[in-house]
Amino acid sequence: MERKVGIIGAGISGLLACKYALAKGYHPLVFESRNTIGGVWTKTLETTKLQTPKSFFQFSDFPWPSSVNTLYPSQIQVFDYVQSYAKHFDLLNHIRFNTKVLNIKYDKGPSNHDHEENQSWGGDDPFGNKGKWIVTSQDLLTQTVEVLQVDFVILCLGRFSDVPNIPEFPIDQGPEIFEGKVMHSMEYSDLDNEKARDLVKGKRVTVVGYRKSALDIAMECSTANGVKNPCTIICRTPHWNISQSIPWANIYLNRFSELLIHKPGEAPLLNFLASLLSPLRWGIGKFVESDIKKKHSLKKIGMVPEHSFLQAMNSCSVVTAPVGFYDNVEKGSIMLKRSQTFSFHKEGVLLRDSIGPIKSDLVIYATGFEGDKKLRDIFLSSEFQKYLTGSFNDTAPLFRECIHPRIPQLAVIGFSEAFSNLFTSEIRCRWLFELLDGKFKLPNIQEMEKDMSVWNNSMYYRRPCIGAMHIWYNDQLCKDMGLNPKRKNGIWAEYFEPYGPMDYA
Ligand SMILES: Cc1cc2nc3c(=O)[nH]c(=O)nc-3n(C[C@H](O)[C@H](O)[C@H](O)COP(=O)(O)OP(=O)(O)OC[C@H]3O[C@@H](n4cnc5c(N)ncnc54)[C@H](O)[C@@H]3O)c2cc1C
Ligand SMILES: NC(=O)c1ccc[n+]([C@@H]2O[C@H](COP(=O)([O-])OP(=O)(O)OC[C@H]3O[C@@H](n4cnc5c(N)ncnc54)[C@H](OP(=O)(O)O)[C@@H]3O)[C@@H](O)[C@H]2O)c1
């Protein structure tokens, strides 16, 4: 019998899931609410480029074309590359465009078979031989609602799209009293490039947030307006925002660097080694931090982060600042203001300790997304929604960052972040389809929950991410799949060269 796999989302994760489903002989049905593939790469700010070098952000069986010779391709180049991948593997025929999944519901089926009673995920067969998922979708062009049954669901909804995080305010302190315009970075990115340029030209723009979207938008505004109308950034937390000429992230991406840190579930010898090497870890950390602080004069501009660079790597929060960002701070076309809270005034934005407002014509929230809410809300069952709630550090707790032990016949791909999200989504899809093919079995529910709590306690800092432990994480997936986790030739390469997608090809 042909098994139907419902894949929700046709961004990079959904396309990968579709490709691996086809390779294993399943029947994938991809639902995509947009009219095209590519997810976040469909439309971005004009200046958006990959933050990850392209050799890390590539499909293991479909390298970048030789015509793309830059290290950090532009949005258009990424979009074209993703399109070529989908065409090459003939994925487009399996996608229903303009089709939004409204909700999904698990139907256990006629038997009493309960995945929790027998203590294994999905029952004896990971594909589940009793239950089905009921997927309710809507054609956004005709408004027709359709209900379909599938044997397995893969949620590839994306964490950084669709549901913006909008700050909330007490009555009379919010945007309703502001005479200018307020928008989220998502709306700004969606604008046609020329319209975006016209919108900020000659305006006093205030950007809320101090991570990638905020830096990129502030850069665009300061390029348009110079020191005459400086762009103000409101920063709640200083981050390790570094320029591409600082190569320090790379030294955290090889196997040797992982020997210096305590890893979830490590053997006593590795634990001892990490403790023994902790002075070296500390020394490297301090060296890297002081180099960044010096190069970007972080002390002078009052932007020294309180958390360590290693914590930033572990939470995928090291941001590549656009070229010229710190120069524009120095020149005064970008003004940095720190404040834990802010509110509105009719003429602009008030910071917690300020007397007058920062006068503004346009306020752009670069405040991120509520990807965890999007993930939860797709379930009709409040029980399943609760399972994915987790704690502050651990939104959407997932075994191997892919499945929830108490939600059968379902996987989530692309939620927990990594240094390269394409690379990580690919190896997760590969792992998932080996599991569905019966190549390996999962531990029982309690063992998976114990494992998740070990990972959560020893790894995450603020948000789920496999940042500085991606090789260790991939090792676990390789072991599950029966592959040798050591993928390189020779000891030097194994310990000192960074691991990338081609190592797992
Ligand atoms: C501007 C930007 C730049 C980035 N740059 C990098 C980078 O340099 N390096 C890196 O590693 N990561 C980067 N990221 C992270 C990025 O999210 C990943 O690289 C990756 O593209 C995510 O792919 P995805 O398929 O998981 O999610 P998305 O690209 O968000 O795709 C999700 C898809 O699901 C669809 N969808 C959602 N809900 C539904 C529904 N209910 N029904 C039907 N369809 C639905 C959406 O329409 C969308 O097409 C960046 C993110 C952004 C926003
Ligand atoms: N490749 C690229 O060029 C590119 C471009 C854009 C985005 N991206 C990626 O897309 C993802 C999302 O990035 P993002 O920058 O949009 O979002 P983000 O990483 O979630 O950052 C949100 C920012 O907004 C701040 N913030 C949130 N709520 C706030 C509030 N109520 N008041 C004040 N500040 C608030 C946060 O502060 P705290 O730190 O205090 O929480 C943080 O600085 C990231 O993975 C990023 O790397 C990549």
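**Note on the helix packing and domains of a predicted model**

1. In helix 13, the residues I427, W431 and E434 meet N474, L477, D480 and M481 of helix 15, where two residues are in contact if their C-beta atoms, placed from the backbone, lie within 7 Å. The residues of this contact divide into 4 nonpolar, 1 polar and 2 charged, with Ala, Val, Leu, Ile, Met, Phe, Trp, Tyr, Cys and Pro counted as nonpolar, Asp, Glu, Lys and Arg as charged, and the others, Gly among them, as polar.

2. This is a predicted model, in which local features need pLDDT of at least 70 and side-chain atom pairs count only at pLDDT 80 or more, while totals for chains, interfaces and linings use all residues. Residues are numbered from 1 along each chain as its sequence is written, and chains are lettered from A and ligands numbered from 1 in the order in which they are written.

3. The axes of helix 13 (residues 421–436) and helix 15 (residues 470–481) come within 10 Å and cross at roughly 25°; axes here are lines fitted to C-alpha atoms, for helices over the stretch in contact, and angles run from 0 to 180 degrees between N-to-C directions. Helix 13 and helix 15 are therefore roughly parallel to each other, a term that covers angles under 35 degrees.

4. Helix 13 also meets helix 1 (residues 12–23), and the axes of these two helices come within 9 Å and cross at roughly 30°. On the side of helix 1 the contact involves I12, S13, L16, A17, Y20 and A21, and on the side of helix 13 it involves L422, S425, E426, C429, R430 and F433. These residues divide into 8 nonpolar, 2 polar and 2 charged.

5. As for the whole chain, there are 16 helices and 18 strands, which are DSSP runs numbered from the N terminus (helices: H or I, at least four residues; strands: E, at least two). The radius of gyration of the chain, taken over C-alpha atoms, is 23 Å, close to the 23 Å that the globule rule (2.2 Å times the number of residues to the power 0.38) gives for 505 residues, so the chain is as compact as a globular protein of that length.

6. The chain is divided into domain 1 (4–161 + 370–465) and domain 2 (175–365), with bounds that come from an automatic or database domain assignment. Their centres, taken over C-alpha atoms, are separated by 28 Å, and the contact takes 19 residues from domain 1 and 19 residues from domain 2.

Technical notes. Angles under 35 degrees count as roughly parallel, over 145 as roughly antiparallel, 65 to 115 as roughly perpendicular and the rest as oblique.
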